[in-house]
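Open the model in your viewer and keep the selection tool at hand. Each stop below says what to select and what is there.

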Amino acid sequence: MTGVTFWASPATDGGSSLMAGRLLARGMVAGVIAACLAFLFARIFGEPQVNLAIAFEAAQDATAGMAPEPELVSRAVQATFGLLVASLMYGAAYGGIYAVVFAFAYGRMGRISPRALALLLAGAGFLTFVLIPGLKYPPNPPGIGHPDTIQLRTATYFEVIALSVCVMAIAILVGRRLALRLGAWNATLCGVGLFVVLTALMQATAPDINEVPANFPAVVLWRFREAAIGMQIVLWSALGLIFGPLAAAVLAPKTGGRRLAR
Amino acid sequence: MSHSLSSSIPGFAPAPAAIPVRAVLPWAAFGVVLALALLYFVGAEQGATSLISGHAVHEFVHDGRHLLGFPCH
Ligand SMILES: [Zn+2]
């Protein structure tokens, strides 16, 4: 977190910029810690399903007379160190984005404590970045996607996340606008309603992709998706719970003791 | 509801001081670019596109790529 002060632009006051920088750093740290927990969950509940899917894929290749794919990185490394590093990078990335949103939202979403806002935004992040995109394009174990469609699948995946972010942003901005006229409760209901309608529109218009082989074991697919969603629930709830106190410490006035005395 | 003194959203008591947007913006840009680079290497490198030749990156993050919901094979 050193070097933070050098980023302060002369146009803004140094204290605010320092605060924003510290929030970003703490968000990424919280994301990394949350990712460690998510890794443990995925290691225990996800990896058995990945192995079953790879075994199915290998059996399919063998019956088709194809040679087994060479392993550049051993399965043991992929399932441990590789999974951990991927989780940490993912956690740091979303921890950073989440902290940026928190820095903008704090003080602009009514009177709400830093801890409560942290948890609320973690829920919104899970909804926006994971659940809504995942309902359209759910996580798939190995042995399902065609190599020829990886471009299309990657593009649609990132597009649906971008659209999901837009839908969430529109719903929140419209809700905040309406709050002046309708009050907080009714405005929140309107925002949620708008979110549901826009999400349904988005889901209905995005192209369907179904590449699951007809004989792929349904239980493996279901257990894999359960593990994938569980990993994300662990990640986002831990992120919200860990970041809350860290953010509260950044936002607490330095003269807290003297304030009580006044 | 009495909120006459509040300049913020009705139904809420006065909000805590927000961080000025222009103080957050440089950090927001930095954080989002960093996050996108990280997500690119976890989720798309040596899959849809490739900056580094070979398959080592893809294979290393492979299980994470599947379990975190990115498209793979
Ligand atoms: Zn794969």
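Contact here means heavy atoms within 4.5 Å. With that cut-off, 46 residues of chain B are in contact with 69 residues of chain A. The model is a predicted one: local features need pLDDT of at least 70, side-chain atom pairs count only at pLDDT 80 or more, and totals for chains, interfaces and linings use all residues. Residues are numbered from 1 along each chain as its sequence is written, chains are lettered from A and ligands numbered from 1 in the order in which they are written, and side-chain values use heavy atoms, with hydrogens and water left out.

**Stop 1: the interface**

Show chain A and chain B together. The size of an interface is often given as the accessible area lost when the parts come together. Chain B and chain A bury about 5,200 Å² between them, and carbon and sulfur atoms account for 74% of it. Buried area is the accessible area (1.4 Å probe) that two parts lose on being put together, summed over both. Now select Trp27(B), Phe60(B) and Leu67(B). In chain B these lose the most area to chain A, together 16% of what that side buries.

**Stop 2: chain B**

Color chain B by secondary structure. It has three helices and zero strands, in the order α-α-α along the sequence. Helices (H or I, at least four residues) and strands (E, at least two) are DSSP runs, numbered from the N terminus. Of the 73 residues of chain B, 42% count as buried. Buried means under 20% relative accessible area, exposed over 50%, and partly exposed in between (1.4 Å probe, protein chains only). Of the contacts in chain B with a separation of 6 or more, 12% are between residues 24 or more positions apart.

Next, select residues 24-43 of chain B. An unreviewed UniProt entry places the feature "transmembrane region" there. UniProt positions are given in the numbering used here, feature names are shortened, and annotations may be inferred rather than shown by experiment. In the model this span is 100% helix and 0% strand, and its end C-alpha atoms lie 27 Å apart.

**Stop 3: a salt-bridge network**

Over all chains, the structure holds five salt bridges. A salt bridge is a side-chain nitrogen of Lys or Arg within 4 Å of a carboxyl oxygen of Asp or Glu. Select Glu47(A), Arg75(A) and Asp63(B), which are linked in a network of salt bridges.

Start with Glu47(A) and Arg75(A): their closest N and O atoms are 3.5 Å apart. Glu47(A) sits in helix H1 (residues 14-63) of chain A and Arg75(A) in helix H2 (residues 75-105) of chain A, 28 residues apart. Glu47(A) counts as buried because its relative accessibility is 2%. Arg75(A), at 18%, also counts as buried.

Which chains does the next pair join? Asp63(B) and Arg75(A) meet in a salt bridge at 2.9 Å, N to O. Asp63(B) lies in helix H3 (residues 62-67) of chain B and Arg75(A) in helix H2 of chain A, so the pair joins two chains. The count between chain B and chain A is one salt bridge.

**Stop 4: two domains in chain A**

Color chain A by domain: domain 1 is 13-144 + 212-253, and domain 2 is 146-210. The bounds come from an automatic or database domain assignment. The domain centres, taken over C-alpha atoms, are 20 Å apart. The contact takes 14 residues from domain 1 and 19 residues from domain 2.

The two domains of chain A bury about 1,400 Å² between them, 62% of it on carbon and sulfur atoms. Select Ile132(A), Lys136(A) and Tyr137(A). On the domain 1 side these lose the most area to domain 2, together 46% of what that side buries. The count between the two domains is one salt bridge. Select Asp208(A) too: it forms a salt bridge with Lys136(A), with the closest N and O atoms 3.0 Å apart.

**Stop 5: helix H4 of chain A**

Select Arg153(A) and Glu211(A). They form a salt bridge, the closest N and O atoms being 3.4 Å apart. Arg153(A) lies in helix H4 (residues 150-182) of chain A and Glu211(A) in the loop between helix H5 (184-205) and helix H6 (218-251), so the pair ties together parts 58 residues apart in sequence. Both residues are buried.

Finish on Thr154(A), also in helix H4 of chain A. Thr154(A) counts as buried, at 7% relative accessibility. Leaving aside neighbours within four places in sequence, Thr154(A) is in contact with Ala44(B), Ala48(B) and Pro71(B).
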